[in-house]
Amino acid sequence: MGPSSPARTMRLWGPRSLGVALGVFMTIGFGLQLLGGAFQRRLPRLQLRQSWATSLGSAVPSCLPRQRLVFLKTHKSGSSSVLSLLHRYGDRHGLRFALPTRYQFGYPRFFRASQVKGYHPQGGGTQPPFHILCHHMRFNLKEVLQVMPSDSFFFSIVRDPAALARSAFSYYKSTSSAFRKAPSLAAFLANPRAFYRPGGRGDYYARNLLWFDFGLPFPPEKRIKRGNPKDPDSHQGHVLPSGTGPRAQILDPNALLQPVSTVADGHSQAVSPTSFNLGSSSFIQWGLAWLDSVFDLVMVAEYFDESLVLLADALCWGLDDVVGFMHNAQAGGEQGLRAAGTGGLTAEDQQLTAQARAWNNLDWALYVHFNRSLWARIEQYGQRRLKHAVAELRARREAMAKHCLQGGKALDPKYITNSQFRPFQYGSAKVLGYVLRSSLSPQDREECERLATPELQYKDKLDAKQFPSPVSISLKTSRLLSSRHQATD
């Protein structure tokens, strides 16, 4: 994935030389994601670069930092902490963010390029390029590629669905009708269908949330009745541009059930989806193969620091670029984030873990797949080298926390009186935040503010920086003119 790698280019979609069966699965899946002709297909990832050589921070980098980034911010997976790193890096380097008008890109509906503030379609006038796309969306590759170049670095993060379910139940209990009706997570998982109704308000939070965020199609039995405007799953196809103005065509989700024309071995043939079971493991494997072709790296929350080291290496960033504080963490929520196994859990917790993974079977398949791919990258990177880098990362984070933060750690929101640093409170659990030490120098305070600012406030800061209001511009101009006038007096 180094700068010497060939640029990813435009390709027409069609079956690959992976066998007729896989070609069928990928063709039908691509029909959902990208129906309608040509699309930009990203080339497979190349080898990891060695950006830190033998000693951390001492070698001269042999590569250029990657600064065109697409981060799919998944829910309740540690993604806010990754977002904080991107905010800080882009802010420090003067990069331009593809920002939503508010705080999400129309979630839970599929991402559309028109939702990016300041975006103008091709031919609609000149505009500076975007460098980073990183706020909440339901992934839609075709529309993302309208905003970001195809050679951008695509990455995301996943979490064990058992841990994710615990966090989501607490955070989205008032949002999901299924969670709201359940007296406890244990009661919900013991008999989820007593509470869960496909198409219920906010119930995408209650089952296979990662699969939903990645924008993957669901097997037919998981679909719901069409025509409910409140339900995002009633539009399983992606939102594609109609070619005229902001209007868009919603693809019929039932199109998947129609015979699909494919090309295999140079011969046209009709393939009916009745030839395989869309709810089978083959359908899941298609989705995972497709994600592998799109994403350069998928981090794993349970191995967050290891993932950060691999991310810095892949991006040719310095270690300090990925040293940051945890954000949007719930009080008492650290346990379960680290290990994905069941060791040390009570029998009741082990049962809940097994039930959560079974209920969120698509997410569990995602998690197992990307956990394996992460460890394959770790083997390639070198476990001893990684252990040394992770230790250095944690030491720098701890030193930064002691230097920047009152108490050297995250605090209960009741202690955070400055609205600039008070995180948004939602759900039944308290969301922790930070208070800066009062003795910081102006230079240190600026960097510590970048580390401690919650995601919503940082988004507002970036928004004001990229789109200054006319009032602020006129004030700056008047001050500049005034200072120049005084200087000439």
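In this predicted model, Phe188 touches Phe169, Ala178, Phe179, Ala182, Phe195, Tyr196, Ala206 and Trp359, leaving aside residues up to four places away in sequence. Phe188 is also, together with Phe139 and Phe155, among the residues with the most contacts inside the largest nonpolar core, which has 104 residues.

Five of the strands form an open sheet with parallel pairing, in the order 4-5-3-6-11. Strand 4 (97–98) and strand 11 (297–300) stand at the edges of the sheet, and because each has a single partner strand, one side of each is left without a neighbour there. Within the sheet, strand 3 (residues 69–72) pairs with strand 5 (residues 132–133) in the parallel sense over two bridges, and Leu69 has Ile132 in strand 5 as its bridge partner. Helix 11 (residues 361–381) lies across strand 6 (153–158) and strand 11, and runs at about 100° to strand 11.

For the protein as a whole, 51% of the 489 residues count as buried, and the accessible surface comes to about 22,400 Å², of which 55% belongs to carbon and sulfur atoms. Where contacts between residues at least 6 apart in sequence are considered, 76% of them join residues at least 24 apart.

Terms used:
Residues are numbered from 1 along each chain as its sequence is written. This is a predicted model: local features need pLDDT of at least 70, side-chain atom pairs count only at pLDDT 80 or more; totals for chains, interfaces and linings use all residues. Side-chain values use heavy atoms; hydrogens and water are left out. A nonpolar core is a set of buried Ala, Val, Leu, Ile, Met, Phe, Trp, Tyr and Cys residues joined through side-chain atoms within 4.5 Å. Buried means under 20% relative accessible area, exposed over 50%, partly exposed in between (1.4 Å probe, protein chains only). Contact means heavy atoms within 4.5 Å. Two strands pair if DSSP finds at least two bridges between them. Helices (H or I, at least four residues) and strands (E, at least two) are DSSP runs, numbered from the N terminus. Axes are lines fitted to C-alpha atoms, for helices over the stretch in contact, and angles run from 0 to 180 degrees between N-to-C directions. Accessible areas come from the Shrake-Rupley method with a 1.4 Å probe; for residues, only the protein chains shown count as cover.
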